[in-house]
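Please keep the sequence and the coordinates at hand while reading.

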Amino acid sequence: MTVNQSLRVLIVLLLPIYLFGCSDSNDNNDTTVVIPPPPPPPEAPTLYAGAASRSLLPTVSGGRDYLQEAPGWPVAAELDANDPGVFVPVWDQGRVNVGNGNSDGSWVHDDVRATAVALQREEQRAIFITSNTYMHLKADVDEIVRRVQGALPQAWAGAEILVSATHNHHGPETAFGPNAQWYEMAAEQIVAAAIAAVDAVEPVSASVATGHHHYGSVDQRDPRVYDSRLNVLALEAIESGESVAVLVQWNAHPEVTLGWEPPADAFALEEACAIKGWEGGDCTAEDRYFSGDFVSVLEERLKAAHGGEVAFFNGALGVLTGPLHASTWVVDDEHPVGDGKTVPEGAVPLAQCDRSNPFECQSFAKTESTGNELANAVNTLLANAQPLDIASIDIRRQAFYSRVTNLGFRVLAAEGELGWKPMQVFNCSGKPFTDDNCVNAGQDTVADPVLTPLLGYEVAKGDVLKTQVIHVDFGDVGMLFLPGEVPSELVIGLPEDFNTAPPEKYNEQPDEHALGADYVVPGHYLSLVDESITFVVGLGMDEVGYFVPAADYRLQCHALSLSALPGTSCEGLADRGVIESPTWVGGLTCQKVFDDPAFLASLGADGPAVQAVCYYGQMVGAEIEQPAGHYEETNSAGWDLVDDLWAATVQMFEAP
């Protein structure tokens, strides 16, 4: 027997005595020596969350009692599909227009809210705010963030605050000449929601699910590529098991009834017009009602099913994803949603109209159906959601500059009609634009050789904006905040057969757009992330408009653009091959004519004319006419956006 073996035998013989003690014959009391149990492993850091929401509707006598008469989205009662809501002739804040709608919003169909979700893990704290409104421009976001930070308790000082808008086209106007008194009130409501969310934080568990949902939304611009992903994150109180918040991310413009005129026989229109002084064609309720669109339906249905708050984040809704040409129908057991794109045989339209496809007809029934089926899809995902360990709340940002090539934006900035707070624009020397070569131009304006003598407009001196991209890392789940309306192909990528398939597979107007290999994009964002699920958030911390690849940009050539260059015509420029068509110039040409001195020189005497066509093209498209299929360029800050955002996102993820 070896020494080691002898020791093992001794340990075996003595171990029972050590564990259970020994008896002394002269003492009736047994003495037992017990080894204390090992200490429990340290508990994982607890995740805390709280949520709250507040109404953003204008007030009457300081309140919103009128909501008691608004139809809303009833569950038990039948919806009147043509009723624009309760008529409110006067607001405390004065006239409040409808975002991307009509002037003088005067009906309320349902509530429009902002929701805040506060998250804390150890010393990491963040507040996610989503506003069911048209947009919040960067200067306005900065003001909202400043006010939230100023109201936070000391323990939350320095918390990250991330603000986004759903792009609801039926909420109060937030972009083009918004009512400053309303915006002041709305900002305070958002602050109140954020503080209430922080005050309500409690230990929570998290679960996550992802799927696909097509019903009620389609891509309406070539190429037809739709990111149908539906992402859901649920936060439940550990003690009570009740829902704190459900975060939902999907992709669609909330504009189901945009441009639809509620039938005059469905409500007291003539009486309302007499009160408001609307006459003739101005006597209409078209786009004059406030509604949260399908987002409000989603909120109502999920709150009824789970309690807590609902925070909806819109994703790849750009160029141009939405409900206007999506088919919807009366969904029942015989006519289910199915793939969300194919109308079941024998299905019944939700409304009647003179469209060639009756399943596209608009009414509040279509809004309700879109929201109902989105809520049903969310509930299906929640039933199978998987636990999520939010290992961190790590946030990285990358600021970047981009040229404002849309002269219309500079006119609005000069007039003080773009957002609530003044838009910050810059003048930069040399490229790439950086903090070292860009200077804030303040609110300075300059005369324009065409617009000033013709219309009296000056333009903002600054012609470069500054915005940012943000990524939130929860571990295997993340959120990517993008500052505008990004198309699906920039998120999920182009299909594998995009360059080889017949053009008609992905294009309904192949003559109007770049095709196949000519449709150039720098990459897609999901290829950059290192996580299983990414909540892509459009209109995150800013709204710089549509992101259209320069390869598919078309800007109208119009005689107005050349009015300072006598003897020059669009036809002549096209005949000499310096622009692509007598009616338009391409984005790639515009990039080169402003960025490549050698290319500009190669155009000879035509160089200034091509620059003028590019310079005025977006504004001409907005005010006079635009190339067929190219509306979105008129609502984009510039033709460099796609490239600049991609470069910034790559830089952000490559940073240590």
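Predicted model: local features only at pLDDT ≥ 70, side-chain atom pairs only at ≥ 80, totals over all residues.

**Salt bridges, a cavity and a kinked helix**

Arg221 and Asp552 are both buried. The side chains of Arg221 and Asp552 form a salt bridge, with 2.9 Å from N to O. Arg221 sits in the loop between β8 (218–219) and β9 (229–237), while Asp552 sits in the loop between β22 (533–537) and β23 (554–556), so the bridge ties together parts that are 331 residues apart in sequence.

Arg221 and Asp552 also take part in the lining of the largest cavity. The structure has 1 cavity of 30 Å³ or more, and the largest cavity holds about 50 Å³ of space. Besides Arg221 and Asp552, its lining consists of Asp222, Pro223, Val319, Pro487, Glu489, Tyr519, Phe547, Val548 and Pro549. Sorted by class, the lining has 7 nonpolar and 4 charged residues, with no polar ones.

What is the count of salt bridges in the model? The count is 27. Side chains of opposite charge can pair when their charged atoms come close. One of these pairs is Arg229 with Asp227, whose side chains meet at 2.9 Å, N to O. Arg229 is buried, with a relative accessible area of 12%, and Asp227 is buried as well, at 1% relative accessibility.

Salt bridges with shared partners also link Glu143, Arg146, Arg147, Glu184 and Glu188 into one network. Glu143 is buried, at 12% relative accessible area.

Helix α13 covers residues 607–623, which makes 17 residues. From its first C-alpha to its last it reaches 25 Å, close to the 24 Å expected at 1.5 Å a residue. Where is the kink in α13 centred? It is centred on Gly617, and the angle is about 50°. Gly617 is itself one of the buried residues of α13. The helix is mostly covered, since 12 of its 17 residues count as buried, that is, under 20% relative accessible area.

Technical notes
Residues numbered from 1 in each chain as written. Heavy atoms only, no water. Helix = DSSP H or I, 4+ residues; strand = E, 2+ residues; numbered from the N terminus. Expected span 1.5 Å × (residues − 1). Bend = angle between axes of the 7 residues up to and from the residue. Buried < 20%, exposed > 50% of the residue type's maximum accessible area, 1.4 Å probe, protein only. 1 Å grid on protein atoms, 1.4 Å probe; cavity = no way out; pocket = protein on both sides within 12 Å on 5 of 7 lines; lining within 4 Å. Points joined across faces, edges and corners; volume = space filled by probe spheres on them. Nonpolar A, V, L, I, M, F, W, Y, C, P; charged D, E, K, R; others polar. Salt bridge = Lys/Arg side-chain N within 4 Å of Asp/Glu carboxyl O.
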